[in-house]
Amino acid sequence: MNIPLMIRQIASGDLHRAIATVKKDIALPAVLGRICPAPCEKACRRADYDQAVSICLLKRHVADIDLQSTKPYMPSCKPKRSGRVAVVGAGPAGLAAAYYLSREGFGCTIFDDHEKPGGMLQYAVTETELPRDILDAEIALIEKLGVEFQYRTRVGDSISLEDLRRGFDAVFIAVGRLEEGQADLTDIQTKADAVVIDNRTYQTNLPGVFAGGDAVRKRKLTVRAVADGKEAAESISQYLSDKPVTGPVRPFNTRIGKLSAEEAKKFVPGHSDTPRTNPSREDGSFTDKEALEEAARCLHCDCRKPESCKLRRYSHDYNAKAGQYKGERRSFVQFSEHPEIIFEPGKCINCGLCIQIVAKADEKLGLTFVGRGFDVKVAVPFDKSFTEAIKQTKTAEKCINACPTGALAFKQAGE
């Protein structure tokens, strides 16, 4: 999910948009906010300075506030479409798949052999770790989308997989870890008590049958199971729409990599210098004030145009490989002295659009190309500051909108 955008929205107090950002990619955020081991925080660059931002607790805060509201967030769903999906298993993978398929307009029925939904969340996680009212509340929101549940129904006993294939247009197997002999009841290809799938599309050897979660991998991470459900839903949607089943799009991605101590310090100015916030509530959750304080610790080392970066789009279209040519990485540089904008020359492709815009805007100093040949770069003339180069907010906005890569951006920008 877009973690930096969520944090910006929390910091600005816009929790309604924050929960929409979270639920674009995570169907059970209040649940995961309590039991997830937070692998995302291992990549947080704030840890190089003191401690990582409490990403998981911030996500939990957004989800909890939403659940406590009189009108919890409900996503917009596409109009009802032909195509019904049987989801086998009401655990995290199955619930997530049903959530995202419902958003796409497909009807879903979840079959489970227990009396209550949730799978291992309901029957293997302690009440202390995951209060059942939280789990029930998030499942109720999924049911509100139109998802139907059929309990005490064991596929292979009460109903066969062939029955489901005849009665539905697609099937998603999310039964959790397979028990010995259980795979024999499904006619699905297995290996070492796990369903064999195409790792990109989640398809099994049976047409129209997909699988995910612990049935295919033994990672035991709920966040991975939830991700499987979301990604499998995309493949199932493609299948039901008579499109080539290619799975979720894997966008082109490249990272700065490990920063030197000096480079890391460049991110800190303008951000909170306080240590990691410890929740004061007995249940381990943030107060509103604590959430704002923790959100302010984010260094915003992310790309501010992750969705609209043209360089990223063309790199994907032409199958570019970020590591194709090895070489020394340019040192990270960031100009942040301007009150509104930020410039990161490492992302600049020297297109010159910003130079033309500031010239037309009659900015007295403006921007220019400095250097020659391969060393040419966009810069402020005479080593002056960006505050002096771009004084009009409208000019800054035009430059930022025109910048194809996010080298120029508003400090509080995000997509």
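Tutor: Let's start with helix α1, residues 3–11, which is mostly covered: seven of its nine residues are buried. Keep in mind that this is a predicted model.

Student: Which residues of α1 are the buried ones?

Tutor: They are Ile3, Leu5, Met6, Ile7, Arg8, Gln9 and Ile10. Among the elements covering them are α2 (15–23), α4 (55–68) and α11 (288–295).

Student: What makes Asn2 a cap for the N-terminal end of α1?

Tutor: Look at the distance: a side-chain oxygen of Asn2 lies 3.1 Å from the backbone nitrogen of Leu5. A polar contact needs a pair of N or O atoms within 3.5 Å, so 3.1 Å passes.

Student: And what happens just after α1?

Tutor: Gly13 sits there, with a positive phi of about 80°.

Student: Which residues make the contact?

Tutor: From α1 you have Ile7, Ile10 and Ala11, and from α11 Ala291, Leu292 and Ala295. By class, the contact of α1 with α11 has six nonpolar residues, no polar ones and no charged ones.

Student: What is the handedness of the crossing?

Tutor: Left-handed, as α1 passes α11.

Student: Let's switch to Thr201. Where is Thr201 found?

Tutor: In the loop between β4 (170–173) and β5 (209–211).

Student: Why is Thr201 called buried?

Tutor: Its relative accessible area is 4%. Buried means under 20%, so Thr201 counts as buried.

Student: What makes the link from Thr201 to Gln203 a polar contact?

Tutor: The two side chains are 3.2 Å apart at that contact. The limit is 3.5 Å, so this pair falls within it.

Student: Which other residues does Thr201 touch?

Tutor: Leaving aside neighbours within four places in sequence, Thr201 is in contact with Phe210, Ser235, Val245, Thr246 and Gly247.

Student: And how many helices and strands does the protein chain have?

Tutor: It has 15 helices and nine strands. Of its 415 residues, 47% count as buried.

Conventions. Residues numbered from 1 in each chain as written. Predicted model: local features only at pLDDT ≥ 70, side-chain atom pairs only at ≥ 80, totals over all residues. Heavy atoms only, no water. Buried < 20%, exposed > 50% of the residue type's maximum accessible area, 1.4 Å probe, protein only. Helix = DSSP H or I, 4+ residues; strand = E, 2+ residues; numbered from the N terminus. Contact = heavy atoms within 4.5 Å. Polar contact = N/O pair within 3.5 Å; in protein donor to acceptor, adjacent residues only side chain to side chain. Left-handed = near helix turned anticlockwise from the far one by under 90°. Nonpolar A, V, L, I, M, F, W, Y, C, P; charged D, E, K, R; others polar.
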